[in-house]
Amino acid sequence: MKRIPYFPGCAMKDQARDYERAAQAALAALGCELVELPRWNCCGTVYSLANDDLMRHVGPVRNLIRVQDMGEDRVLTLCAMCYGTLRRSARFVAADPERLSRINAFMSDEHDYRGGVEVLHLLGLLRDVVGYENLASKVVRPLTGVRAAPYYGCTLVRPREVGVDNPDQPEVFERVLSALGAEVAEFPYKVECCGAYLTVGAPAIVAGRVRDIVASAAANGADLIVTSCPLCQFNLEARRPGIGPRLPVAYLGQLLAWALGADACLPPEAEALIQGTTPAAAGAQQR
Amino acid sequence: MLTVYIMGKGYRVPEGLTIMKAMEYAGYRLVRGCGCRGGYCGACATVYRLPGDYRLYADLACQTTVQDGMYIAQLPSTPAERADYQLSQVAPRGEALLALYPELARCVACNTCTRSCPQKLEVMDAVQAALRGDIRQVAELTFDCVQCGLCAMRCPAEIAHYHVWQLARRLCGAYLTPRAQHLARRVAEVESGAFDAELDRLMGMGKDELAKAYQARDIEP
Amino acid sequence: MADGLRLSREALAAPFVGKVEELSGQNLSACYQCGKCAAGCLFTEHMDALPNQVLRRVQLGDESVLAASAPWACASCLACAVRCPKGVDVARVMEALRLLALRRGLPHLDPRATAGVPQIALVGAYRKLTP
Ligand code: SF4
Ligand code: SF4
Ligand code: FES
């Protein structure tokens, strides 16, 4: 078993706990054991874009210190937003030793952060550590016939220097879904924003975004949307309009677990769809 | 004798006093910011600095000994609103804490609250647990909170921690802790009259006899 | 745009412009108004000034832009930032404007409007919409 330090983030312990459970089971099937950081705090979910807001880096850097304290130099996230904030803060302090030393001085209750912790996302892990071919060879319940739309959203691909893949033409999500046997539904909204945190104060704006995203996925043949972001997941489900196509939404980890024959904890709509589509599922049911 | 500065004014006070006693020695009559005098009630929240030290310390006045040159200010009350709820209407689910105290989401993980807590609780960890909906963990981490409010006064995210702790402990006690079976058994015993004779005997005792019986009582280990 | 915006040396050198540049870390004069940011922004239908217009108004020292709806319809998705040919991160300018307005006491997020959303949304909203 490969031990991989793991930063869950709040959503994985609450709203997205099925994603976490499924991803853990799936990664175990791939020979990776997720080792949760013994202590961790909220990443802040949105990276501060202001120059005078050093305090907003304290949370992410404190988590990087926890990784360092484990004697490790990399940490995995399942959540796209955690990935964005942690990875951006890691880059920020790497590029600005002066401000890192101020943050270290402020956190007098921790060891100094020395830099060098790499933040990985599940997609990057599947591509770079597991490998697409290896992944495909471990599939026991291929998602044959399932037309899945890979919805990256924002923080997986933007900004450019931080993204798991090229923001204009990313392919890692598609290749992972293909490795799992799914058919990929290409759609033009795959890297477009769902409205994110506007869901709190301006849900109508988000509803408009979600309507377009879902309609585009459906128009391009998708019967399922896949995400790794709990905020996208919430918006896609809670803010979708009452009319128009209702595509089920599943987390990347859930499809992964399904295909690898692990406990997938799928939401009922997605599970019914996969059950009804894949031949392997029919076989599995008979058993 | 030492010199201390209470609310900006210098006083000479004897060594070894607590901040609370030193204030009374200096002539303050404490009608607020003073309760149990034993470190339990949390009424005597106080902040202070020491000469040559930038740090702003926070502690209980009844539990902290004065030091020479100490700058002292009391914080007898923390302005903070306690959410209005009926415990029986609140489900013990993760989102309960966040629904009533959404400002929990503002925590920046600076750990200032932990550094301010006179009870040496892991306050930030409790905020983080509350944020991720782990009511039981919050209740455990904050069991010893005395509601002094010092964390809340120092928090840059303006969270009113101790009200959240109280809600978490209530939810934990009401819903998440297994009911004590022996309690129900004992109540039934009491109701069935099993102790009536013994109680009557106690009620009939004179003061001296009662005192003797008290001294000789069995003490649970 | 505000009525009768006057161009003047004073306005161009106003502390407001410097403050936005400092907070955002962006060289505002690099923007040549190509409008690619606005073309990529998904939220313009809720904005009373397009992202490039917001930038222009800041360039010209027009402080009334602080009252524009644009920064509050911006979701910090960075669609603008990745496509600006001049490397201006427009999302950072939006953030600077939000912060300046919030620090001047603009009403912040109403906590009573936060019911029923998960922590991932709340944390983001509080970070972006409260001082
Ligand atoms: S948690 Fe806060 S209110 Fe409770 S004892 Fe510690 S500082 Fe005081
Ligand atoms: S003081 Fe406030 S912001 Fe800082 S760690 Fe404690 S709760 Fe979070
Ligand atoms: S007076 Fe009660 S804790 Fe100090």
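Domain bounds come from an automatic or database domain assignment. On that basis, chain A is divided into domain 1 (2-122) and domain 2 (140-281), and chain B into domain 1 (2-74), domain 2 (87-176) and domain 3 (181-215). The model is predicted, with local features requiring pLDDT of at least 70 and side-chain atom pairs counted only at pLDDT 80 or more, whereas totals for chains, interfaces and linings use all residues. Residues are numbered from 1 along each chain as its sequence is written, chains are lettered from A and ligands numbered from 1 in the order in which they are written, and side-chain values use heavy atoms, with hydrogens and water left out.

In chain A, the C-alpha centres of domain 1 and domain 2 lie 24 Å apart. Contact is taken as heavy atoms within 4.5 Å; by this criterion, 25 residues of domain 1 of chain A are in contact with 25 residues of domain 2 of chain A. Buried area is the accessible area (1.4 Å probe) that two parts lose on being put together, summed over both. For domain 1 and domain 2 of chain A the buried area is about 2,000 Å², with 75% of it on carbon and sulfur atoms. A:Tyr19, A:Ala80 and A:Met81 supply 23% of the area that domain 1 of chain A buries against domain 2 of chain A, more than any other three residues.

A salt bridge is defined as a side-chain nitrogen of Lys or Arg within 4 Å of a carboxyl oxygen of Asp or Glu. Between domain 1 and domain 2 of chain A the count is 0 salt bridges. A polar contact is a pair of N or O atoms within 3.5 Å; within protein, one must be able to donate a hydrogen and the other to accept it, and residues adjacent in sequence count only if both atoms are side-chain atoms. The rule finds 7 residue pairs in polar contact (both at pLDDT 80 or more) across the interface of domain 1 and domain 2 of chain A. Helices (H or I, at least four residues) and strands (E, at least two) are DSSP runs, numbered from the N terminus. Helix H1 (17-29) and helix H3 (80-95) of chain A are the elements that give two or more residues to the side of domain 1 that touches domain 2. The most comes from H1(A), with 8 residues. Residue classes are assigned with Ala, Val, Leu, Ile, Met, Phe, Trp, Tyr, Cys and Pro as nonpolar, Asp, Glu, Lys and Arg as charged, and the others, Gly among them, as polar. This side of domain 1 of chain A has 17 nonpolar, 3 polar and 5 charged residues.

Strands are paired if DSSP finds at least two bridges between them. Chain A contains an open sheet of 4 strands in the order S6-S5-S7-S8, with parallel pairing. Strand S6 (183-184) and strand S8 (249-251) of chain A stand at the edges, each with a single partner strand, so one side of each is left without a neighbour in the sheet. Strand S7 (residues 224-227) of chain A is joined to S8(A) by 3 bridges, the two running parallel. A:Ile225 has A:Val249 in S8(A) as its bridge partner.

Between chain C and chain A, 37 residues of chain C are in contact with 37 residues of chain A. The area buried is about 3,300 Å², of which carbon and sulfur atoms give 64%. The count is 14 residue pairs in polar contact (both at pLDDT 80 or more). The side of chain C that touches chain A receives two or more residues from each of helix H2 (15-24), helix H5 (70-73), helix H6 (79-83), helix H7 (90-103) and helix H8 (119-129) of chain C. H8(C) gives the most, with 9 residues. By class, this side has 22 nonpolar, 8 polar and 7 charged residues.

A search of the whole structure finds 34 salt bridges over all chains, and 1 salt bridge is found across the interface of chain C and chain A. C:Arg103 forms a salt bridge with A:Asp52, with the closest N and O atoms 2.7 Å apart. The pair crosses between chains, from C:Arg103 in helix H7 of chain C to A:Asp52 in the loop between strand S2 (32-36) and helix H2 (55-69) of chain A.

Between chain C and chain B, 9 residues of chain C are in contact with 9 residues of chain B. The two chains bury about 730 Å² between them, 60% of it on carbon and sulfur atoms.
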